[in-house]
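The exercises below concern the structure shown next.

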Amino acid sequence: SGTLRELSEAARAAGTGQVLDELWTARRFLDGTPAAVAVLDADLRYLYLNDTLARFNGLSVEEHLGRPMPEVIPGSGPSAEVAREVMRTGRPQTLVFDGRAPADTVDVPRWWLGAFHRLEGEDGEIVGVASVVMEVTEGIRQRESLRRAQERLELLEETTVRVGGTLDAAEACRALTDLLVPRFADYAAVDVLDPEGTRRAPATPVPVRLRRMAVAAAPGTPVPLIPATRSGE
């Protein structure tokens, strides 16, 4: 970058600096962007990468240059396949992928959005492929949180309608097990206090029984996994 700047200033002084000015501006933009940017040749060797990508991979820029992507990043197989496909077809591709950065110390999932497009010379010769990668972990987590909140609201509404829509205890219990299976579990049962066959809670310590009010099992649940008791017992 320093050399490019010096050349650009000298060329401007000579009145011929447009191309180098553009090159210097492009390098300033790419070096400073928070996105991870790389230019690979036809053999997927690094020709250029910015500091963001170098920090992400946990290696210096110099340790990347001239080396193939799969060699520098052993887990980059899917990205390498996409890059080869883009070079072969000329069609840009965008994908979201998850994983871990080499420098990560905890096993927490992260997601990235990657965009790949083919680079061609003026004569149409395939020079390589450029990739731009942005981390989108926070956005995906927020979207997942909103999705789960929406599902909880829908579940609460459905529970209110199905379970709270009757005054009959047995019917409410059956509605609850039907709500749980198979959405959350393969098997569900509702047992209620049945003290000495009455509906009143015992005032003194007495043998307390539970009566099975409802039971539900998902299709295909192995019989040994289902308790033998039936509703009403």
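**Exercise 1.** Determine whether Arg-147 is buried, partly exposed or exposed, and identify the residue whose side chain meets that of Arg-147 in a salt bridge.

*Solution.* Step 1: the classes are buried (under 20% relative accessible area), exposed (over 50%) and partly exposed (in between), with a 1.4 Å probe and protein chains only. Arg-147 has a relative accessible area of 39%, so Arg-147 is partly exposed.

Step 1: a salt bridge requires a side-chain nitrogen of Lys or Arg within 4 Å of a carboxyl oxygen of Asp or Glu. The side chain of Arg-147 meets that of Glu-151 at 2.5 Å, N to O. Glu-151 is itself partly exposed, at 41%.

Step 2: both residues belong to helix 7 (residues 137-162) and are four residues apart, about one turn of the helix. Helices (H or I, at least four residues) and strands (E, at least two) are DSSP runs, numbered from the N terminus. A network of salt bridges links Glu-144, Arg-147, Arg-148 and Glu-151.

A note on the source: this is a predicted model, in which local features need pLDDT of at least 70 and side-chain atom pairs count only at pLDDT 80 or more, while totals for chains, interfaces and linings use all residues. Residues are numbered from 1 along each chain as its sequence is written, and side-chain values use heavy atoms, with hydrogens and water left out.

**Exercise 2.** State which strands are tied together by the salt bridge between Arg-212 and Asp-191.

*Solution.* Step 1: the closest N and O atoms of Arg-212 and Asp-191 are 2.7 Å apart. Step 2: Arg-212 lies in strand 7 (residues 210-217) and Asp-191 in strand 6 (residues 187-193), so the pair ties together parts 21 residues apart in sequence. Step 3: Arg-212 counts as buried, at 12% relative accessibility, whereas Asp-191 is partly exposed, at 34%. In total, the structure holds eleven salt bridges.

**Exercise 3.** Classify the one aromatic pair of the structure.

*Solution.* Step 1: rings of Phe, Tyr and Trp (its six-membered ring) pair if their centres lie within 6.5 Å; planes under 30 degrees apart count as stacked, over 60 as edge-to-face and the rest as tilted. Step 2: the ring centres of Phe-56 and Trp-112 are 5.3 Å apart and the planes stand at 75°, so the pair is edge-to-face. Step 3: Phe-56 lies in helix 3 and Trp-112 in strand 4, so parts 56 residues apart in sequence are tied together. Phe-56 is partly exposed, at 25%, while Trp-112 is buried, at 4%.
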